[in-house]
Amino acid sequence: MNLLTKMALGLLGQLHGQPPSGAPLAEQILPAPHTTGGLPLMQALQQRQSQRDFKTDALAPQELSDLLWAAAGINRTEHGGRTAPSALNAQEVDLYVALPHGLYRYEPQRHVLLLIKAEDVRRVTGYQDFVDSAPLDLIYVADHSRMKLVPAAQRESYASVAAGAMAQNVYLWCASAGLATVVRAWFERHALTQAMGLTPDQQILLTQTVGWVKG
């Protein structure tokens, strides 16, 4: 779907997801993440970039597992520490994954994907046309109900910093794994909030597309 069509549907309140392709699983168990190897950090930083041309090929289960762990996984099991920081350890940012066969939420504690909606909402995650067919779109959602110790006026700022750290983890993992990614803030917020079935306490901060480089 092209940009003008999406904008028009958004203005009319008619930008919706599509039926899923394939049968969505209520719970998608991920293989254990590979937490060793990859490029040296300085080399990954050298290769980090935004790219906007994606193949439609799905990521393999191991690649999806490693990606999600890099973004928001637990790296210190003794106290549940994660790969990205969170002020006061509120862990207010949830990571959602829009796949062709459904919308899922990543659960770091069990390292699984939980089905939220049996619908393909990728095209609602941004105005750019590539989001419709890229293999997956990540959606960073802040749950302000977990931020009781943070003054209300500062909650969006705190959550945005956490989401930014998670998104940079994805960039570095993609650079190391040879995948393409781009973080995005240009989307129809009301349409995506509705498509995801979010509550008033939940706020979409960023979206990010991931896939294999096209060409």
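Guide: Let's start with a term. A pocket is an open set of grid points with protein on both sides within 12 Å along at least five of seven lines, and a lining residue has an atom within 4 Å of a point. Keep in mind that this is a predicted model.

Visitor: Which residues lie nearest the centre of the largest pocket, and how many line it?

Guide: The lining has 19 residues, and G37, G38, A70, W173 and S176 are the ones nearest the centre. Two or more lining residues come from each of α2 (41-47), α3 (61-72) and α4 (155-177). The space inside is about 520 Å³.

Visitor: What is the make-up of that lining by class?

Guide: It splits into 8 nonpolar, 9 polar and 2 charged residues. Gly counts as polar in this scheme.

Visitor: And what about the second largest pocket, how much space is there?

Guide: About 180 Å³. It is lined by 13 residues, with A58, L59, L64, L99 and H101 closest to the centre. The classes there are 9 nonpolar, 3 polar and 1 charged.

Visitor: What makes something a cavity and not a pocket?

Guide: In a cavity, a 1.4 Å probe fits but cannot get out, whereas a pocket is an open set. Counting those of 30 Å³ or more, there is 1 cavity.

Visitor: Which residues line the largest cavity?

Guide: Among them are A71, A72, R82, E92, A162 and M166. Both α3 and α4 supply at least two residues of this lining.

Guide: Buried means under 20% relative accessible area. In β7 (residues 136-143), 8 of the 8 residues are buried, so the rest of the structure largely encloses the strand. L136, L138, Y140 and A142 point one way, D137, I139, V141 and D143 point the other way, and all are buried.

Visitor: How do you know that β7 pairs with strand β4?

Guide: Two strands pair if there are at least two bridges between them. β4 (residues 93-99) and β7 have 6 bridges and run antiparallel, so they pass that cut-off. One of the contacts to look for is L95, whose bridge partner in β7 is Y140.

Visitor: Which way does β7 pair with β9?

Guide: Those two are antiparallel as well, with 8 bridges between β7 and β9 (residues 202-212). V141 stands opposite I204 of β9. β9 is also joined to β8 by 6 bridges in an antiparallel arrangement, and there L179 has W212 as its bridge partner. As for cover, 5 of the 6 residues of β8 are buried.

Visitor: How many aromatic pairs turn up in the whole structure?

Guide: The search finds 2. For F54 and F130, the ring centres are 5.5 Å apart and the planes are at 40 degrees, so the pair is tilted. The cut-offs are centres within 6.5 Å, with planes under 30 degrees apart called stacked and over 60 called edge-to-face.

Visitor: What parts does the pair of F54 and F130 tie together?

Guide: F54 is in the loop between α2 and α3, and F130 is in the loop between β6 (112-117) and β7, so the pair links parts 76 residues apart in sequence. Both F54 and F130 are buried.

Visitor: Why is the pair of Y127 and W186 called tilted?

Guide: The planes are 55 degrees apart and the centres 4.9 Å apart.

Visitor: Are Y127 and W186 buried or partly exposed?

Guide: Y127 has a relative accessible area of 9%, so it is buried. W186 comes in at 41%, so it is partly exposed; the cut-offs are under 20% for buried and over 50% for exposed.

Visitor: What makes R48 count as sitting over the ring of Y171?

Guide: The charged end of R48 is 4.5 Å from the centre of the Y171 ring, and the distance cut-off is within 6 Å. The rule also asks for a place within 35 degrees of the ring normal.

Visitor: Last one: why is E107 called buried?

Guide: Its relative accessible area is 15%, so E107 is buried. E107 belongs to strand β5 (residues 102-107). Its C-alpha atom is 9.5 Å from that of L68, a residue 39 residues away along the chain.

Definitions and conventions. Residues are numbered from 1 along each chain as its sequence is written. This is a predicted model: local features need pLDDT of at least 70, side-chain atom pairs count only at pLDDT 80 or more; totals for chains, interfaces and linings use all residues. Side-chain values use heavy atoms; hydrogens and water are left out. Grid points are joined across faces, edges and corners, and a volume is the space filled by probe spheres set on the points. Helices (H or I, at least four residues) and strands (E, at least two) are DSSP runs, numbered from the N terminus. Buried means under 20% relative accessible area, exposed over 50%, partly exposed in between (1.4 Å probe, protein chains only). Rings of Phe, Tyr and Trp (its six-membered ring) pair if their centres lie within 6.5 Å; planes under 30 degrees apart count as stacked, over 60 as edge-to-face and the rest as tilted.
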